[in-house]
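We will go stop by stop, from the whole chain to single side chains.

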Amino acid sequence: MYLTAFMLGMLAFVVFKVFVRAFYTVSPDERALITSFGRVERLGELMVEDPALDAEEQQRYRFPQVRVIGPGGPYFKWPWQEVHKVSVVTQAIDLTWDPTKDQVMVEAVTKDNLTTGVGGQIRFRVAESNLYAYCFGVDSPLEHVMGYFISVLRERIANFVDPKGEGLVGEGELAQGEAAAELSEGVSINDLRKNLPLLNDYMEQQCRSTGARYGIELDAALITQIDPPSEVDRALSAINSTRNQVAADISTARADAEQQITMSKRAVEIARNNAQAEVAPLRELAETLSRIKSSGGTEALRAYIRNLRVPLLGRASRIVRTTGLER
């Protein structure tokens, strides 16, 4: 009886292990790897290559290409084989995630030695082309990726300079030398806040190699806030208000100057038109007298002047005759 029970137990174990657990399926959002006695099935001697890595990094991160089992099933495996399933959906994680400590903000120091708190999210997914690194090459790959991302972010914030170089005044306007330099001097926290999209793009470019390093691809970096300490924030608000007021005063002064110049041009144009209007009758009279003299001579010109003098004599109250007037 004992031998029969043992044999029946062994038969049940073999049926369960070989036939029941030998079949598995892979869902649409998963990929699977098969290991035989702990060794994953590889694609010959092919290695994962990424041009984003330099020569030294390519020697350090040498991971083999493995056979990836796609969605579907049922698939069959032997009892000495083990299935490792990995979710490949895009996930989002807070920038402050750290399994070793609790934190609300990620601290970073700006170029002008201001300690700021950075918050946001990153979207990532497992790199299907490098599942070996994610499953076997790195212990806690997400923690490695977050550490790499935070280190690159801190380095970028510490050396960030506004690429546009925009100041309150342009070159050659309003002031020269030290005065203009003081007005156009930037503040690192303000430059960072103005260029958050540029900072996010930079982080995405710098983290393109995480797929070859740790088996995780960065889909997007969403840095949403950069907050200084409260007392510094109040000082920055005052600085920003002053800068905005200076910019508004400059714009107002420029507009007033342009208005004065426009009015002066209009006044000069009106005076020119009035002068031309006064000169035109005199020029016409001179041309008329020249034509009369050329056609009838001096006698005709004297007759014309005499006839022209009659209406004036009729309106005059007193006439003063001078000698030689007829000549």
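One definition comes before the first stop: a residue is buried under 20% relative accessible area, exposed over 50%, and partly exposed in between (1.4 Å probe, protein chains only). This is a predicted model, in which local features need pLDDT of at least 70, side-chain atom pairs count only at pLDDT 80 or more, and totals for chains, interfaces and linings use all residues. Residues are numbered from 1 along each chain as its sequence is written, and side-chain values use heavy atoms, with hydrogens and water left out.

**Stop 1: the whole chain.** Show the cartoon. The chain has nine helices and 11 strands. Helices (H or I, at least four residues) and strands (E, at least two) are DSSP runs, numbered from the N terminus. Of its 327 residues, 28% count as buried.

**Stop 2: the largest nonpolar core.** A nonpolar core is a set of buried Ala, Val, Leu, Ile, Met, Phe, Trp, Tyr and Cys residues joined through side-chain atoms within 4.5 Å. Select Leu95, Phe149, Leu153, Met203 and Ile223. Of the 44 residues in the largest core, these five touch the most other members. Helix H4 (141-158) gives the largest share, eight residues. Now centre on Leu153. Which residues does Leu153 touch, not counting those up to four places away in sequence? They are Leu95, Val118, Leu199, Met203 and Ile223. Contact here means heavy atoms within 4.5 Å. Apart from this core lies another, of six residues, including Tyr24, Ala32, Ile34 and Val83.

**Stop 3: helix H7.** Select residues 196-206. In H7, Leu196, Leu199, Asn200, Tyr202 and Met203 are buried. Look down the helix axis: the buried residues fall within an arc of 160°, so they line one face of H7. The arc is that of the directions from the helix axis to the C-beta atoms.

**Stop 4: salt bridges.** A salt bridge is a side-chain nitrogen of Lys or Arg within 4 Å of a carboxyl oxygen of Asp or Glu. The count by this rule is seven. Select Arg67 and Glu41. Their closest N and O atoms are 2.6 Å apart. Arg67 is in the loop between strands E5 (64-66) and E6 (72-76), and Glu41 is in the loop between E3 and strand E4 (42-47), so the pair ties together parts 26 residues apart in sequence.

Then select Glu217 and Arg125, with closest N and O atoms 3.4 Å apart. Glu217 is in strand E11 and Arg125 in strand E10, 92 residues apart. Buried or exposed, or in between: where does Arg125 fall? Arg125 is partly exposed, at 29% relative accessible area.

**Stop 5: a nonpolar surface patch.** Select Phe23, Phe37, Phe76, Trp78 and Trp80. Together they make a patch of about 610 Å². Patches are made of residues with over 30% relative accessible area and no salt bridge: like charges are joined within 9 Å, nonpolar side chains (Val, Leu, Ile, Met, Phe, Trp, Tyr) within 5 Å. Finish on Phe37, in the loop between strand E2 (30-36) and strand E3 (39-40). Phe37 is exposed, at 71% relative accessible area.

Methods:
Areas by Shrake-Rupley, 256 points an atom, 1.4 Å probe, with all protein chains shown as cover.
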